[in-house]
Amino acid sequence: ASLQVWGKKGLFKKSLTSLLKPYIVGTTIQARNIQIPEGKFLLEIVIADRDGVTTSQTYYLAVSQP
């Protein structure tokens, strides 16, 4: 329930949590045929444990058309 996923591009930041929640299976995101615009993005994933201590990880995502 504490999971938060943020997409960042330039100065803009948007929550992607509600979009991705249906695709979260265990500790993975399993999605197929998702349309992602071309460009470079940062994905920040934040989750809290039972004591409320948060952990975050940031991933770099580069999307290009074949």
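So, the hairpin of strand 1 and strand 2: there are two residues between the strands, and Gly10 takes a positive phi near 65 degrees there. Keep in mind that this is a predicted model.

Okay, what do those strands do next? Strand 1, residues 4-9, runs antiparallel to strand 2, residues 12-15, and four bridges join them. If you want to find that pairing on screen, look for Trp6, which stands opposite Ser15 in strand 2. Strand 1 also pairs with strand 5, residues 39-48, again in the antiparallel sense, over five bridges. There, Gln4 stands opposite Val46.

Now on to Thr17, in helix 1, residues 17-20. Is Thr17 buried or exposed? It's buried, because its relative accessibility is 8%, and the cut-off for buried is under 20%. Its side chain makes a polar contact with the side chain of Ser15, at 3.4 Å. Leaving aside neighbours within four places in sequence, Thr17 touches Leu3, Gln4 and Val5.

The largest pocket holds about 470 Å³ of space. It has 19 lining residues, with Leu16, Leu19, Ile36, Leu43 and Leu61 nearest its centre. Strand 1, strand 2, helix 1 and strand 5 each supply at least two residues of that lining. By class, you get 13 nonpolar, two polar and four charged residues.

The second largest pocket comes in at about 300 Å³, with 13 residues lining it. Among those nearest its centre are Leu3 and Thr27. Which strand gives the most to this lining? That's strand 6, with four residues. And the classes here: seven nonpolar, six polar and no charged.

Note on methods:
Residues numbered from 1 in each chain as written. Predicted model: local features only at pLDDT ≥ 70, side-chain atom pairs only at ≥ 80, totals over all residues. Heavy atoms only, no water. Buried < 20%, exposed > 50% of the residue type's maximum accessible area, 1.4 Å probe, protein only. Polar contact = N/O pair within 3.5 Å; in protein donor to acceptor, adjacent residues only side chain to side chain. Contact = heavy atoms within 4.5 Å. Pairing = 2+ DSSP bridges. 1 Å grid on protein atoms, 1.4 Å probe; cavity = no way out; pocket = protein on both sides within 12 Å on 5 of 7 lines; lining within 4 Å. Points joined across faces, edges and corners; volume = space filled by probe spheres on them. Nonpolar A, V, L, I, M, F, W, Y, C, P; charged D, E, K, R; others polar.
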